[in-house]
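Hello,

Here is the structure we talked about handing over. My notes on it follow below.

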Amino acid sequence: AEVVSRVQSSLGHDKSEREMQLGSVGDRLDRLEKELRGPWAKRTDKLDASLSELQQALSAARKSGEAAQQQLAEQAQKLESHRSIMQDRLSYLEKVLGDSSQEAQAARAKLEKVAAAQGSMQQQSAHHASLVER
């Protein structure tokens with residue numbers, strides 16, 4: 001009975017010692033995890049914040065790009081409208097000037113005919129005057 005009691009006592013002592021060692025290993029692991037989690041958590045938080053900033057900047061850039069595209073489309077439409085108006089005005093001016101030019105050429109031709117007729121009349125008048133004098 002004494003041997004059994006010593007063996008039980010020894011086993012109980014070994015069991016207590018193992019529990020203390022396991023407890024101290026568990027405690028040590030908990031401490032290590034906490035120590036490692038701290039810096040990693042800070043780095044993770046910084047990375048998350050940086051990612052969030054990048055996403056916001058990307059979103060702002062997309063909105064700005066869309067606004068710029070809209071403005072360019074509006075400007076292109078205005079320019080096309082202006083070009084069309086200027087083309088119409090130019091066509092009108094070409095027609096008016098073309099008509100005026102044709103009218104001016106016709107008027108010059110008439111003036112030349114009148115001048116030629118006048119010259120012819122002056123010659124005839126001079127000829128008649130010379131006949132009357134004779």
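The protein has 1 helix and 0 strands; both are DSSP runs, helices being H or I with at least four residues and strands E with at least two, numbered from the N terminus. This is a predicted model, in which local features need pLDDT of at least 70 and side-chain atom pairs count only at pLDDT 80 or more, while totals for chains, interfaces and linings use all residues. Residues are numbered from 1 along each chain as its sequence is written, and side-chain values use heavy atoms, with hydrogens and water left out.

Of the 134 residues, 0% count as buried (buried is under 20% relative accessible area, exposed over 50%, partly exposed in between; 1.4 Å probe, protein chains only).

Salt bridge: the structure holds 1 (a side-chain nitrogen of Lys or Arg within 4 Å of a carboxyl oxygen of Asp or Glu). Arg-83 pairs with Glu-80, with 2.8 Å between the closest N and O atoms. The two sit 3 residues apart in helix α1, about one turn of the helix. Arg-83 counts as partly exposed because its relative accessibility is 46%; Glu-80, at 41%, is also partly exposed.

Helix α1 covers residues 2-133 and includes Val-96. At 32% relative accessibility, Val-96 is partly exposed.

Regards
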